[in-house]
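Student: I would like to go through this structure with you. Could we begin with its cavities?

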Amino acid sequence: MDFSGATILTLGDIMLDRFAYCGLERISPEAPVPVLLLQRVESMLGGAGNVARNVAALGGTAVLIGLLGNDAAGDEVRAAIRDTPGLVDAHVASNTRPTISKTRYIAAHQQMMRVDEEEVRGLDSDEEARLIAAIGAALPDVDAVILSDYDKAVLSPKVTRFTIARAQARDIPVFVDPKTKPFRHYRGATCVTPNLAELAFAARMPVASEEEVVAAAGRMLRDAKAEAILAKRSDKGMVLVEASGAVHVEPARAREVFDVTGAGDTVIAVLALSVARGYSLPEAMRLANAAAGIVVSKLGTATVELDELMLEASRDSRSETALHAKYYSVAQVETLVRQWKSRGLGVGFTNGCFDIVHPGHVAMLAAARRECDRLVVALNGDASVRRLKGSSRPINTLADRCAVIAALESVDAVISFDDDTPLELIRRLKPDVLMKGADYTVETVVGADDVIAAGGRVALIDLVEGHSTSRVIDRLQAPVAAFSDKG
């Protein structure tokens, strides 16, 4: 998966997204509303700008065209574009229109309210002419076009018709994230990607069931004269209806949903990049669905990194065994740990041979999981076990040991290592909590100094008395020895 050679023209309503993170104090004595204590404010590209950020985050190049005011918010946006690798600034400045800004107030990981600053009116003739000139200049050098329509004026009928017609003439695919316009406004586009509300509004048809979505999309295909309609069904996944009559259904990925802000921007960015790099529309939909599952688990107007998408996509090609559901390479676990930490989750780490799993192991891993939000378990490879335990070990191969550990509910990820100790793994993953059995001391736990120096902690887990792999092996061998003695 390589999007580095793809250049995407991203045209639409550019915004400044602000996130005001607050503490939740109390209910106001003046009115039944919460009192928020402002802690910090973060600003980032929003609207069509967030689509462009997603293109760039995945390794593509985004040529960003839209309107910005000559104001402080516009200066923030221009600085953000300049500071984002992979973005090409082709915006049109307006002296008569303010930059669109949205400020979301967030407390306890929940959005409490949003304040918008904008002036919604049609384009004047000068703005329209300069937008068309910018589009005409950019089109010869792009591989796909995204129209990101927030219904804030940029995608006027004239601008939209010009863009689609010029793209068609060059055989450049056009992808549309629509708003509340009739789909004939986007006539000739390659693929239109409405959510259910937008599809229902445009088709004037119900969209509660999959069959109703397919029927509404079929009607809109005729209106838009498009190659496909991709209906985004939120927690029900996606439905792709092609002009050929083919229907493709992709269920949603099971995820903890933290924030759906900007998920549609991620979907259309991945869709356009994928088709630009030779994927079919059904293949592109599967990647876009995987990306959507990642981005909704993040707070704010987020993007998806290429390694995150590759990790999620790789799970499709795995068999559904416990081993393949949780067993990862070290690079994949690094990606997982970064995702977990970005959501404020505490990551725990423990390791061992786990040759013959017994109740003591199960209890220890369950206790370890209670010390953190996500638990990574590292297993010694077979050669490492032989060096540590002798030539007769391991009893079970690494694959078998990983399968058993991955099947435990308390374990979130399983990896393996071939060194005698997991020190390098610990240094790469930087867990928040490092755990070993209580037969260790903090001073004898490998990696303890590194974890503590990074602000983490070490937890020593009580062992269940009477259980060990050696005792299990001794009991298994005892009847054999007795039988041999009797000759």
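Student: Which residues line the second largest cavity?

Tutor: Its lining consists of Arg-97, Pro-98, Ile-100, Glu-118, Glu-119, Val-120 and Lys-152. On a 1 Å grid over the protein atoms alone, a cavity is a set of points where a 1.4 Å probe fits but cannot get out, and lining residues have an atom within 4 Å of a point. Please note that this is a predicted model, in which local features need pLDDT of at least 70, side-chain atom pairs count only at pLDDT 80 or more, and totals for chains, interfaces and linings use all residues. Residues are numbered from 1 along each chain as its sequence is written, and side-chain values use heavy atoms, with hydrogens and water left out.

Student: What is pLDDT, and what is its mean here?

Tutor: It is the predictor's confidence in each residue, from 0 to 100. The mean for the protein is 88, and 90% of the residues reach 70 or more.

Student: Which element has the lowest mean pLDDT?

Tutor: That is helix 17 (residues 469-485), with a mean of 58, whereas strand 1 (residues 7-12) has the highest, 98. Helices (H or I, at least four residues) and strands (E, at least two) are DSSP runs, numbered from the N terminus. Over residues 481-487, pLDDT stays under 50, and the model has zero contacts beyond four places in sequence for them; a contact means heavy atoms within 4.5 Å.

Student: Back to cavities: what is the volume of the largest one?

Tutor: The largest cavity has a volume of about 70 Å³, where a volume is the space filled by probe spheres set on the grid points, which are joined across faces, edges and corners. Strand 5 (residues 67-69) gives the most to its lining, with three residues.

Student: Now the sheet, please. What is the strand order in the open sheet of five strands?

Tutor: The order is 18-17-16-19-20, with parallel pairing; two strands pair if DSSP finds at least two bridges between them. Strand 18 (413-417) and strand 20 (457-461) are the edge strands, each pairing on one side only.

Student: How many bridges join strand 19 to strand 20?

Tutor: Five bridges join strand 19 (residues 433-437) to strand 20. Within strand 20, Val-458 is the bridge partner of Leu-434.

Student: Which strands does helix 14 lie across?

Tutor: Helix 14 (residues 398-406) lies across strand 17 (374-380) and strand 18, and runs at about 160° to strand 17. Axes are lines fitted to C-alpha atoms, for helices over the stretch in contact, and angles run from 0 to 180 degrees between N-to-C directions.

Definitions and conventions
On a 1 Å grid over the protein atoms alone, a cavity is a set of points where a 1.4 Å probe fits but cannot get out, and a pocket is an open set with protein on both sides within 12 Å along at least five of seven lines; lining residues have an atom within 4 Å of a point.
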